[in-house]
Amino acid sequence: MTNRYFYEGTTGPWELVIGLEVHAQVISQSKLFSGAATDFGAEPNTQVSFVDAAMPGMLPVINKICVEEAVRTGFGINAEINLTSVFDRKNYFYADLPSGYQISQNDRPIVGKGHLDIELEDGTTRRIGITRLHLEQDAGKSIHDQHPEKSYIDLNRCGVALMEIVSEPDIRSSEEAAAYVRKLRSIVRCLGTCDGNMDQGSMRVDVNVSVRKPGSPLGTRAEIKNVNSIKFLAQAIDYEAERQVAILEEGGEILQETRLFDSAKGTTRPMRSKEHAHDYRYFPDPDLPPLVLDAAWVEEIRKTMPELPDAKKARLMKDYELPAYDASIIVAETETAVYFEAAVKTLKSKDPKAVKLLANWLIGDLFGALNREDKTLETCPISEIHLAGLVDQIVEGVISGKIAKDVFVRMWETGKDAASLIEEHGLKQLSDEGAILSIVDKILDENPKMVEDYKSGKDKLFGFFVGQVMKVTEGKASPEVVNKLLKEKLG
Amino acid sequence: MTNLAVKPSLKNDLIHLTLAEARRGLEEKKFSAVELTKAYLDSMGEHRHLNAYILETLEQALEQAKECDMRLAKGEGRSLEGIPLAMKDLFCTKGIQTTAASHILEGFIPPYESTVSDNLKKAGTVTLGKTNMDEFAMGSANITSYFGNVINPWKRADGKDLTPGGSSGGTAAAVAGGLAVAGTATDTGGSIRQPAAFTGLVGLKPTYGRCSRWGMVAFASSLDQAGTITRDVRDSALMLKVMAGYDPKDATSAHVEVPDFAKALELGVKGLKVGIPKEYHLEGMPEDILNLWEQGKKWLVEAGAELVDISLPHTKYSLPTYYVLAPAEASANLARYDGVRYGLRVPGKTLDELYENTRSEGFGEEVQRRILIGTYVLSAGYYDAYYLKAQKVRRLIAQDFELAYQKVDVILTPTTPSAAFALDEKPTDPVVMYLNDVLTVPANLAGLPAISVPAGFSKDNLPLGLQLIGPAFDENVLFRTARVLEDAAQFKSFLRGHAS
């Protein structure tokens, strides 16, 4: 529905302008300003300290781990680290916000400008600017559907550390938005700073969407919340773009408002309007002195940064001559990259062809099987050593690619390695020309009519003869040898 | 209180001892901690009309006193073992109601102990009860308490009930009236020094960050500081030693060494340069206050100090700055009292109604006024003109002091512009009431330590205090200078005669 950059309306093309605010929950044993635990799915109100519940006289104390994770993530998005940042109080009343203010960073975030490069399906790359990353507390959860009149409050999440990562309005399509979130997710996962699970809410995306005639000033934007998967993100943007263009083309006006995405309908709708527009009355939190980072400590974090997906991709392309597409897929998830690199290590031949074959098996057959059986690489029955072993067998000509598919299924089912399964089931490829020749002769003898047809021009019948040989040898005959002999015989 | 009967003659002796004297008496077994505590509990029972305590913790106090006696018997008495204290009801005390003198916290029993009260407990003190105060420490006459006003033990010739000052009026009245040996207090704009001055006591506000704020109900976080109200300067030094210290639970508490303050007491002031800021000479300042200030200068010169005229040019902006910043912080600090989790809840049909009903009924007029002021000065469109401007002025006020301390060691001023006023003379205009803080507020804005020492009397024969302001984390200069004033004024001897 949307092409690369423009949305075609009845009055001509419209440009989509999208900015994303990603809330990424920091992986940490304890909350941003209290010692309470942060486990997902715990019994309501069991992970709440006196600070989280805003008891009188309680004070916040910054959790150093969360600061470190924010700095690491800052480096991950190629951003400048601000050695001095300030925590502010964002004031508003709500039942799941015990203190009546959220501690956030308004004017002076811990991380400043950065960027991400995203790869699109057509093979192009675009750079998306990042405005800032700041640390803030999450609020608790209000539960409205358990009682006809009452609401229940769960404060487990209250005070959990979030990194809010704000993009520039540089994104121009739902595809780019999805690629941006995927890229960001792969980075935080690679760094181990956020688990990136959108379905559990540990990564949440608010989307600002507006449309304009190309070259015009920015249009009025709507903010869409409640988007909890990348698929929904794209749906929400496409729906919203269509909605806004329709309104504008009918001469209407876009309201600056917050809208909720309804995943069942694939539409957005305005949030129940709160009568009072919020004035958050930000001011520096007097309980927390400015956060001053030691430059040497920050440098230490930079030095210990793991290899990031972009660098890893470049290295895989260079070292193994992998195509960009394969490399992107392999580096998208840290687990995949780790699996792949471990497999390469045990591969007997590091020839680019062998490595590419390994990549094919990983991205194709293995991912297919994992998806089918709802498994992950962690629970995968085929280890990286075994997958490399299978590729070895193919490269060395012990089995054909076709037999390999069979061996792969047996490996999946038994957890055994390729070599022993080939041995056990006698799947070794038949390459002895003499043995194959006698089979070829027999088949040609048995099918004189076919031979005659072939010789009179029905080239397609060549495949029939190959098939017959394979059938007799149960697929074990070396396809190369069979082809060679048949060509000789049939002239 | 017949069950608590202590021989009247002994009781009269006991309830007028200083902390140091009481501690020596306990150590020398002249009386027991239980006897000492009973004397105070008895006295508390006799002086309920002062309304100094919101809650008397009789049973716990006797329990603690018994334990103290066991330790003392074994010769294991800690530094303040057996000393009965008044605890301002702003400090959260585990298992004991803590209200900040507000209806909104009535019945609230904290499941934790504030760092300051815990430090005191661990030094062996006995808590007699939770003292009355202005609601959330907002006030200068102790008349905003939900639990009623406090009456000053001191009387004027006309016999009218006087204010003990505020916000720590309950502790001041208790210590002056023989209802506690000493007490904890807090000071955001003068809430320790002004009541101490009004009741003839020593009131110390330490450097911001010297004592942990953890577990102390917050009024204005960047200004609040715990301190002491005591019968003499030595007691203040002894108490502060125990209360102070770095607390990892308070990010604003200072990571600095806590000296043995008592050692500074007898150093004298010879060679010290004492700054006299001209801006503290207010227009229309009463003669008795000016005379007291002159007397103070004379005493210090006689003891070998040198007077230096100084200027703190931004002083006149202190009060307006304070009344922007303190309410701003308070408006956020008090947002947690919403009727959802603890304290008062007045139901409503919607969440907003619950908030409105609870907070309208739970907060008194002065607290509501300051929440409104604070909300206003932080609002979009007003933030720059009020809050941000006030922050800049605050910086300038602090700079005034920094420059002054390049030339002087300590600054001498009066503590208050007047003596205690009668409760029926209280100003009806809140701004006039705010003027009570005019001499004390600058030290809070600059985060500096300051002490009020009783030094003389008003024309109505009521106590007056002199204030000393020191450089950050130099409480020692306050103690040694205050000791000289105390010695010269011979004020101690009056306490026993006047406390009713």
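## Salt bridge between the chains

A salt bridge is a side-chain nitrogen of Lys or Arg within 4 Å of a carboxyl oxygen of Asp or Glu. In this predicted model, Arg213(B) meets that criterion with Asp287(A), their closest N and O atoms lying 3.0 Å apart. Across the interface of chain B and chain A, the rule finds 1 salt bridge.

## The interface of chain B and chain A

The size of an interface is often given as the accessible area lost when the parts come together. Between chain B and chain A, the buried area is about 2800 Å², and carbon and sulfur atoms give 62% of it. The contact draws 39 residues from chain B and 30 residues from chain A.

There are 13 residue pairs in polar contact between chain B and chain A, counting pairs in which both residues have pLDDT of 80 or more. On the side of chain B that touches chain A, at least two residues each come from helix 10 (318–333), helix 11 (351–362) and helix 12 (365–378) of chain B.

## Glu329(B), a buried acidic residue

Glu329(B) belongs to helix 10 of chain B. The residue is buried yet has no salt bridge: the nearest side chain of opposite charge is that of Arg394(B), 4.4 Å away. A polar atom of the Glu329(B) side chain does, however, lie 2.8 Å from the backbone nitrogen of Ser221(B).

With residues up to four places away in sequence set aside, Glu329(B) touches Arg89(A), Phe283(A) and Pro286(A) in chain A. Within chain B, Glu329(B) touches Phe219(B), Ala220(B), Ser221(B), Ser222(B), Leu223(B) and Arg394(B) under that exclusion.

## Lys205(B), a buried basic residue

Lys205(B) is found in strand 5 of chain B, which spans residues 202–205. Lys205(B) is likewise buried without a salt bridge, and Asp187(B), the nearest side chain of opposite charge, is 6.0 Å away. The Lys205(B) side chain reaches the backbone oxygen of Leu448(B) at 3.0 Å.

Beyond its neighbours within four places in sequence, Lys205(B) has contacts that include Asp187(B), Ile192(B), Arg193(B) and Gln225(B). Also among them are Ala443(B), Asn444(B), Gly447(B), Leu448(B), Pro449(B) and Ala450(B).

## Nonpolar cores

The largest nonpolar core has 239 residues, and those with the most contacts inside it are Leu20(A), Ile110(A), Ile165(A), Tyr180(A), Val207(A) and Phe136(B). Helix 2 of chain A (residues 174–191) provides the largest share of this core, 10 residues. A second, separate core of 42 residues includes Tyr320(A), Ala354(A), Leu377(A) and Ile403(A).

Phe136(B), one of the residues with the most contacts inside the largest core, is in contact with residues that include Ala100(B), Ser102(B), Ile104(B), Leu105(B) and Val217(B), leaving aside neighbours within four places in sequence. Its other contacts under this exclusion include Phe219(B), Leu334(B), Tyr337(B), Phe363(B) and Val367(B).

## An enclosed helix and an exposed lysine

Helix 6 of chain B (residues 169–176) is largely enclosed by the rest of the structure, because 8 of its 8 residues are buried. These are Gly169(B), Gly170(B), Thr171(B), Ala172(B), Ala173(B), Ala174(B), Val175(B) and Ala176(B). Following helix 6 of chain B is Gly178(B), with a positive phi near 80°.

Lys402(A) is situated in helix 10 of chain A (residues 401–414). With a relative accessible area of 68%, Lys402(A) is exposed, the cut-off for that class being over 50%. Lys402(A) and Pro479(A) are separated by 77 residues in sequence and by 9.8 Å in space, C-alpha to C-alpha.

Notes
Residues are numbered from 1 along each chain as its sequence is written. Chains are lettered from A and ligands numbered from 1 in the order in which they are written. This is a predicted model: local features need pLDDT of at least 70, side-chain atom pairs count only at pLDDT 80 or more; totals for chains, interfaces and linings use all residues. Side-chain values use heavy atoms; hydrogens and water are left out. Helices (H or I, at least four residues) and strands (E, at least two) are DSSP runs, numbered from the N terminus. Buried means under 20% relative accessible area, exposed over 50%, partly exposed in between (1.4 Å probe, protein chains only). Lys and Arg count as positive and Asp and Glu as negative; His and the chain ends are not counted. A polar contact is a pair of N or O atoms within 3.5 Å; within protein, one must be able to donate a hydrogen and the other to accept it, and residues adjacent in sequence count only if both atoms are side-chain atoms. Contact means heavy atoms within 4.5 Å. A nonpolar core is a set of buried Ala, Val, Leu, Ile, Met, Phe, Trp, Tyr and Cys residues joined through side-chain atoms within 4.5 Å. Buried area is the accessible area (1.4 Å probe) that two parts lose on being put together, summed over both.
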